[in-house]
Every structure is written in C-alpha cells, then in structure tokens.
Amino acid sequence: RDRDIVGQVEPFRSNMSKPQARIQISRLRTSWETVQKMQLDGSKETTTVALEGLENIGYFELENGFKWSKCARLPDGNVIFTPFNHPSILIFKPETKTWEMVGNFQGDCKWSGCAVVPTGKVVFVPQYASTILIFDYGTKSWEEVPVDPVWQEPTDPRAKAQPKFSDCVALPDGRVLFVPYYHSSIVLFDPTTKTWEEVGKFEGSAKWNGCKMLPDGRVVFIPFASSSILLFDSRSKSWEMVGNFPGSFKWSGSELLPDGRLLFAPLKNSSALLFSPDDKSWEEVGNFGDGMKWNGCKLLPDGRVVFVPFDSPSIVVFDPQNRTWQSRPHGKAGSSAHHSGPRVSTDCAVLPDGRVLFVPCSVKEIIMFTPPPKDSSKFPSIKFTYFNVEGGGECVRLAFALGGVPYIDDRVDMPTQWKDMKPKTKFTQLPVLTIDGGEQIAQSGGHLRYAAMLGGLYPKDPVEMLK
C-alpha cells in the first residue's frame, strides 16, 4: 500500500536519499486516513482537508513561506501575528473567524516576535529588520524606530546581515526585553522614550530562542545553540548561567507550569525539558526522536501543554502531571518552499474556550485545533517498551497515537541498555506491553490489535475487520 502512495505523491523524488525517503514514508504511515484524504493539486505540494479536531481557516499564499513568526493575545481577545516574510500584520478575530491585514512592510525575516505593553501598543522585535516597530492597535497606525547601525553589522564577515533577536517579553516596568540570538547583548527597550539599554556581552550565534517571565520578575532564556539556560534579573541587571547542554537547535519556546517549573518544547532535542528555576534543577522527559519537531508550546486551561508543530507530522498535547502525551496528525504535507518538512507553524495562541490557534508558517491556512479531552479514565495505565527504532513495534506506537490512547513510550537504547535488560523480558525479546503494572505481554501483533481496539480503529464488523 505504501508503494502505491510513493508513485502518487510529488515529494518522493528520484534523487531522494534513503534517510529522506524513510522520513517521508514514516509521515505517510502516521495516518492512513490522512493519506486517503490527500488531494494532489498538480504542483509540488499536497493539500489535505482538516482531520478530526482540526479546522482550516483562510488561504494565505506566499512563495517563500515563513509568513508570520510569533503571535500575542490582545486585550479584546483578538490575536495579532508578527510579520516575518509576509508584508502585513494580521489581526485575527476568533469569534467570527475573520481577519484584517494592516500595513505593507517590505523585506524578509523582518520581526521575530512581539509584546503587548501596558499602553496597549505592540512592540515588534527586529530579526533582520533595521527598525523596531511600535504598533498602535487602537488607531491601526505605527512608528518605526531605527536600530543602532552597529546592530546591522554581521559578526561573520561573509554574511551581508545577521539575525539579531529571537523573541521579546514585556517587563513589569513597561520596557521590553529583546532576547539575543546573534546579537551580543540583552536589550532593554523603552517604547515611551524610544531608547534602549544594552546589558552584558554574550558570544556565539543562535544563542537563545525564546524566553519566559517568572512570577518573581526574572526572565528565563531557552537554550538554542547556547549550552546554558540563562536566568536574567532585569532589576539588578544580573544573570546566571545554568546547565551544560550540548548541541544546537535544542529547544524552542517554553511554558510556565502551575507548579512553578518551566517546560521547554523540543525542536531538535529528542526530549522535552522540565526546568525548576527555584533549585535550578532539570529533568529530560520523553523520547521524541530526531529531526525538527515543535517550535514552541502553550499552557492549556486544564494544565496540559500543547506543542506547536514545525516539521513534526503531529500536534502533541503533553500532560506534565503524569508525563504522558497524546498526538494528533495535522495532515499537512511539505511545502514547495521547504523540501525538508512542512514548516507548519511558528507559534500558537490558546483561546479562552481551550481551542488553539496556530500561526501559519509555510502552510496556507490558519489551523484551529480542539485538544482531545483530558479525562482518560476509560483507559488503563499502559507502558509500551521497545527499542528506539522504527522497527516492528512502531506500528503499535502509531496506533496508540492515532487512537488518542495515552501510554508510556518506554524506549530502550540497544547498545547501552539491552544486554542487562534482555534476561528480564518475556521470551527475552521486545516489544513488551504492561497494563496497570501487571505482567509483561509479548508479541507486537497482539499489541497492535489491542491498541487499535482501545482507540476505536479496529472494526467491530467481522467482514470489515477481514478487509
């Protein structure tokens, strides 16, 4: 069945490498229902209709993608999108599912985030733009404040320009903090006087990608290429580096949990990070594999956290209390502007009714997502133990995900864990399944039928089951 699909879907190119092909096949296997609903439009991309819990709104075409970056909730409940490659600010009205475009700002990769200040105005932080944009939502007017010309000088002599800041946050005193990406210092911008102050000197590129304000006024910077979390006190203008995390593009965006910890969304890192700013401890949770996955996260009214899909084929709703998650395929295929992945969304806003609004990155629609119910009392406690590979047990993981069945995805590293673990497993093999802490149950065929039955994917009619 997969071979039939391969012949139809444009992203399968004759020069595609084997790893790329495996990724594409994995995405198609994520949901057979999604593949059945694909409509080939004759171009280099596919368009899908909305799946359960998802609604596509509008149609926004932009050849090079990355339309808007971050978003913010406005005092009246509307949501404002930051123009990145798109020439206009977008103001979305959730009640009517309508929108308004404001302005015509030329250039690419202009502003990377926004913050609503106490006056009601919105400050847009520059990435490649040569100005800080102050937008008056009431009058739909704006003012551009030129940045220091030195900011425009790239540290790499081979580059024509460099991305300055990754995000921003409004401080209690009305100033806006700019998070340094390639820029060497933290910037505290006063939108009233249109002046700023630079604090610190931090070497490196793509250092931090996003930040979160703590109740005590400190700001936590999320490590991207930087090896450390940065805790910044804007009142004393002091900071502290915490941890040593190797790698680049690790986490993107974070959310403050009710218990005071922060959850970092995994972009290329295989795990999410739970960070406690009180005792400066952390814990990595889950194993979500390699590749670009989620580009931010937001807290839902029920205490769960939704991960914003970037290249991941699924939206994930994570429950930090029991450290389980539910996946929902979004059905979006790769964009012609980005062959490496769909580049679905750059941020999201959680509405008062619990729905989630995803900012379109390179997809052509705004996505409205209704998270699955939190109540999982109808399901037992399930632990599925298998190697960290897409082997024979991967179909069981996918069945749990597609059926919305919460489970513990216990991934075993073969080189380091399997030798000691093997004698303790049933039939000395994996996968094994445990239900409510009971005995191990072996054989993936039985696991798959069990997962499909729990998730409502297994037909009750014998003939339909046979087909």
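Lys293 sits in the loop that links strand E23 (281-285) to strand E24 (294-299). Strands (E, at least two residues) and helices (H or I, at least four) are DSSP runs, numbered from the N terminus. The model is predicted: local features need pLDDT of at least 70, side-chain atom pairs count only at pLDDT 80 or more, and totals for chains, interfaces and linings use all residues. Residues are numbered from 1 along each chain as its sequence is written, and side-chain values use heavy atoms, with hydrogens and water left out.

Lys293 is buried but has no salt bridge. Buried means under 20% relative accessible area, exposed over 50%, and partly exposed in between (1.4 Å probe, protein chains only). A salt bridge requires a side-chain nitrogen of Lys or Arg within 4 Å of a carboxyl oxygen of Asp or Glu. The nearest side chain of opposite charge belongs to Asp290, 6.0 Å away. Lys and Arg count as positive, Asp and Glu as negative; His and the chain ends are not counted. A polar atom of the Lys293 side chain lies 3.0 Å from the backbone oxygen of Gly291. Residues touched by Lys293 include Pro266, Asn269, Phe288, Val308 and Asp311. Contact means heavy atoms within 4.5 Å, and residues up to four places away in sequence are not counted here.

Lys201 is also a loop residue, between strand E15 (195-199) and strand E16 (208-213). Lys201 is exposed, at 60% relative accessible area. Its C-alpha lies 9.8 Å from that of Pro180, 21 residues away in sequence.

An open sheet is formed by four strands in the order E32-E31-E33-E34, with mixed pairing. Strand E32 (408-412) and strand E34 (441-442) are at the edges, each with a single partner strand, so one side of each has no neighbour in the sheet. Two strands pair if DSSP finds at least two bridges between them. Strands E31 (382-387) and E33 (432-435) run antiparallel and are joined by four bridges. Thr385 stands opposite Val432 in E33.

Arg411 belongs to strand E32. Its side chain makes polar contacts with the side chains of Asn388 (2.9 Å) and Asp409 (2.9 Å). A polar contact is a pair of N or O atoms within 3.5 Å; within protein, one must be able to donate a hydrogen and the other to accept it, and residues adjacent in sequence count only if both atoms are side-chain atoms. Arg411 and Phe288 are 123 residues apart along the chain, with 9.6 Å between their C-alpha atoms.
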